[in-house]
Amino acid sequence: MRKQTKLVAVLSAAALLAVGASMTSFAATGWQEENGEWVYYNKDGDQVTDTWAKSGDAWFYLNGDGVMATDELIDDGTNYYYVNSNGAMVANGWVAVENENAGDTDEPDAYWYYFQANGKAYKSTGSASFKTINGKQYAFDSEGKMLYGWVNKEDATRITGDDAWQSGDYYCGDENDGARASGWMKLSVIKDDEDKNYWFYFNPSNGKKYAADDATKYAIKTINSKKYAFNENGVMQDGWTDSVSTPDTATISGYQYFNGGDEGWRLQKGWVKVVPEENVNKSAYDDDSTKWYYADGSGNVYYSVLKTINNKKYAFNEKGEMMSGLWALNIQSDGKILPGMIEIDDAGKFDTAYAAYKKDKNIAVYYFGSGDDGSAKTGNQTIDVDGDNYSYTFGTTGVNKYKGTTETKKTLLVLGRKIKADKDYRYQSFGEDGKLVDGKVDGYLVNTSGSIMKKKTNLKDADGMYYCTDADGKVTYFGGEAKK
């Protein structure tokens, strides 16, 4: 606005020169100086009042007393004008007029007006209408005052108070600015409260704040090829945002992630490691514990599914969190993971997994690495379960790829786990479930490396007990003496 004020000063100086030249040539029947004030007489010799009179190229206003007005806002009942200190009508310029209510709450020291080439101040006649001045957009109220701050579209008024940002349609800077905001703007909506610094987006074509229609949903807008969410007050959202009015709090369905801080754009087809949404995983949220998530091209987070990402397989639970560790899962042909996931993080959970497998042979054990790895493994793996290391074997091809192998060929494998004899015993007998066989007979006899002892006679363990096995490696004899 300072540049505009300077422009007014230049225009006023030019008008002053014109006035000085013209006043010296006033005729007796026109302008007259009386008692140090200028008055004007018409052709009938009557002193005129409440009207304009011209001198040279400048117009001057005679007030109700018939005296030429100076430094004054003129309201002729229809339009607003301003005359400078020399009495000349201001045109094509800005003028700051002292505010008689200055000092009151939300009242500026002065109001700015812009006077057109014909001297008339811009003003509204209904809804907010913006005028282009020096390449910027400005709005004015019904009295010609430049609007600033938050502006209401319907009646072209300035909205005041701490809640102005919630209902305002436009933002027009401070009292000495007034230019309509366009594009992104970060605004402090509550003075001296940094937690109330919000990002807004104002449509470059009309300056209107972008906002959702109501409080039950968010408006999604594409800006520079990225997606952003805005609430009903126009505030850019970040973090987890419910993209539907009633998200499923039991899963991550209905939520999308928008980058935090000053970024705000929606996660699209990629990974992000963040704290979970509070309603979906409150304990992790309270602990500020971060999890890995992956969103598709539409911003929807994968959940309850096994997905191929960059040629690797990853599993996501119902909360959308990437899974790691050892899990018993029922994965459908389309990759959907059915409810009932079992994390094998102690010995008891392995037994639980096997019991589930006996009821539903679609259940298999998968290993997704540790920590931030998450990719499904194949082949032989050594896995730490509750402080103990176990050898596992996972399929490498076809429909069994990634699944823990169950077989009784050379080794005893139960849901991928290799069953081995304790080193203190040398040989032990195990059932198909991997548990020790109480009577020793009928179980598979394995050594400390997990190999099945087939067609063996009188194998002696560390306690001096003898075993005999058949062609499958099952125990046919167990006793304290060698079988004759």
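This is a predicted model: local features need pLDDT of at least 70, side-chain atom pairs count only at pLDDT 80 or more; totals for chains, interfaces and linings use all residues.
Helix H4 comprises 13 residues (347-359) and spans 19 Å between its first and last C-alpha atoms, close to the expected 18 Å. Its buried residues are Phe 350, Ala 353, Tyr 354, Ala 356 and Tyr 357. Because these residues cover an arc of only 160° around the axis, they lie on the same side of H4. The packing partners of the buried residues of H4 are strands S24 (326-330), S25 (342-343), S26 (363-367), S28 (388-394), S30 (412-414) and S31 (417-418). At the start of the helix, a side-chain oxygen of Asp 346 comes to within 3.1 Å of the backbone nitrogen of Gly 348.

Eight salt bridges were counted in the model. One of them joins Asp 372 to Lys 273, with the closest N and O atoms 3.1 Å apart. This pair links distant parts of the chain, as Asp 372 is located in the loop between S26 and strand S27 (379-385) and Lys 273 in strand S20 (270-274), 99 residues apart. Asp 372 is partly exposed, with a relative accessible area of 48%, and Lys 273 is also partly exposed, at 36%.

Within helix H3 (residues 282-286), Lys 282 and Asp 286 are four residues apart and therefore separated by about one helical turn. Their side chains form a salt bridge with an N to O distance of 3.4 Å. Lys 282 is partly exposed at 45% relative accessibility, as is Asp 286 at 48%. Both residues belong to a network of salt bridges that includes Glu 278. A further salt bridge pairs Glu 143 with Lys 145, the closest N and O atoms being 3.3 Å apart; Glu 143 is partly exposed, with a relative accessible area of 36%.

Conventions:
Residues are numbered from 1 along each chain as its sequence is written. Side-chain values use heavy atoms; hydrogens and water are left out. Helices (H or I, at least four residues) and strands (E, at least two) are DSSP runs, numbered from the N terminus. The expected span of a helix is 1.5 Å times one less than its number of residues. Buried means under 20% relative accessible area, exposed over 50%, partly exposed in between (1.4 Å probe, protein chains only). The arc is that of the directions from the helix axis to the C-beta atoms. Contact means heavy atoms within 4.5 Å. A polar contact is a pair of N or O atoms within 3.5 Å; within protein, one must be able to donate a hydrogen and the other to accept it, and residues adjacent in sequence count only if both atoms are side-chain atoms. A salt bridge is a side-chain nitrogen of Lys or Arg within 4 Å of a carboxyl oxygen of Asp or Glu.
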